[in-house]
Amino acid sequence: MEHAPPRAATPASPDRSGEPARPRVPSQPTARDVSAPAARGEHTHSEPPAPRTPLRRTSVRGQVLDGLRGALVAGDLVPGEVYSAPGLAECFGVSATPVREAMQQLALEGAVEVVPNRGFRVVERDARELAELAEVRALIEVPVMLRLAHSVPADQWAALRPLAEETVAAAETGDRARYAESDRAFHGAVLGLGGNRQLATVAADLHRRAQWPLVTGPLSRRPTDLVADAAQHLALLEALAARDLPAVQSLVREHFAGAR
């Protein structure tokens with residue numbers, strides 16, 4: 001199997017909350033972290049990127065998990081490639097244990113699969129899977145938003161406008177991981193008004209899965225696509241505040257279809 005030439009790791013800026021930036025996962029494999037010979041056509045990625053600020057030692061596993069999720073969305077973890085826990089640990093400046101624990105969580109979520117004695121392979125997904133996720137998300141979220149449009153006063157929708165504006169700002173920077181995080185925050189806040197925590201949890205899981213890249217990589221969606229998606233958040237708030245149910249339904253379905 002032929003791979004594109006490896007790209008150099010580039011530092012990422014800290015996010016707006018002051019949390020450490022996600023690591024840029026390198027694409028150049030090294031042999032020292034591979035515990036067993038690689039199968040033909042496979043690479044195990046392990047070379048660390050340029051030095052960066054170490055993670056705080058509180059809730060290391062959670063920070064590593066957040067970093068790996070961001071790397072998935074940004075395409076730094078490439079679909080089909082195998083990554084070793086020791087190699088990724090060097091990227092974070094931590095031991096391999098919290099990385100293995102975080103990757104096991106991602107395996108439970110369906111983002112990666114375990115490769116015995118080698119590490120974790122990023123799952124390859126196709127457009128059909130994204131279309132199925134969009135359909136399920138619409139089945140869950142459209143009825144909830146239509147119900148909320150009847151019951152939530154306009155001022156509460158106005159209070160969510162900063163979250164919608166943050167998605168626009170993130171989209172304009174082209175930072176896909178930041179946009180993914182702000183997009184989930186917006187949808188979570190909207191569904192949170194319904195008071196059903198179980199529904200919000202299920203919807204958040206589906207949303208996260210829908211943000212993982214296709215086998216063609218994250219650039220299959222252009223930055224202009226992100227900006228268009230973000231603009232729909234503002235339009236949705238206006239439709240909800242106006243109790244324009246046909247517009248709400250149309251916007252949500254279009255939004256999910258665009259996420260493919």
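Predicted model: local features only at pLDDT ≥ 70, side-chain atom pairs only at ≥ 80, totals over all residues.
Local features here need pLDDT of at least 70 and side-chain atom pairs count only at pLDDT 80 or more, while totals for chains, interfaces and linings use all residues. Residues are numbered from 1 along each chain as its sequence is written, and side-chain values use heavy atoms, with hydrogens and water left out.

**View 1. Helices α6 and α7 pack against each other.** Helix α6 spans residues 161-173 and helix α7 spans residues 176-192; helices (H or I, at least four residues) and strands (E, at least two) are DSSP runs, numbered from the N terminus. Their axes come within 8 Å and cross at roughly 165 degrees, so α6 is roughly antiparallel to α7. Axes are lines fitted to C-alpha atoms, for helices over the stretch in contact, with angles from 0 to 180 degrees between N-to-C directions. Angles under 35 degrees count as roughly parallel, over 145 as roughly antiparallel, 65 to 115 as roughly perpendicular and the rest as oblique.

**View 2. Helix α1 meets helix α3.** The axes of α1 (residues 60-74) and α3 (residues 96-109) come within 9 Å and cross at roughly 55 degrees, which makes α1 oblique to α3. Look for Leu-65, Leu-68 and Leu-72 among the α1 residues, and for Val-99, Met-103 and Leu-106 among those of α3. The contact of α1 with α3 divides into ten nonpolar, one polar and four charged residues.

**View 3. Strand β4 pairs with β2 and with β3.** Strands pair if DSSP finds at least two bridges between them. Two bridges join β2 (residues 82-83) to β4 (residues 119-122), running antiparallel, and Val-82 has Arg-121 as its bridge partner. Four bridges join β3 (residues 112-115) to β4, again antiparallel, with Val-115 opposite Gly-119. Three residues lie between the strands of the β3 and β4 hairpin, where Asn-117 takes a positive phi near 65 degrees.

**View 4. Ala-154 sits in helix α5.** Helix α5 covers residues 154-159. Ala-154 is partly exposed, with a relative accessible area of 42%; buried means under 20%, exposed over 50%, and partly exposed in between (1.4 Å probe, protein chains only). Ala-154 and Leu-240 are 86 residues apart in sequence and 7.7 Å apart in space, C-alpha to C-alpha.

Key:
Contact = heavy atoms within 4.5 Å. Nonpolar A, V, L, I, M, F, W, Y, C, P; charged D, E, K, R; others polar.
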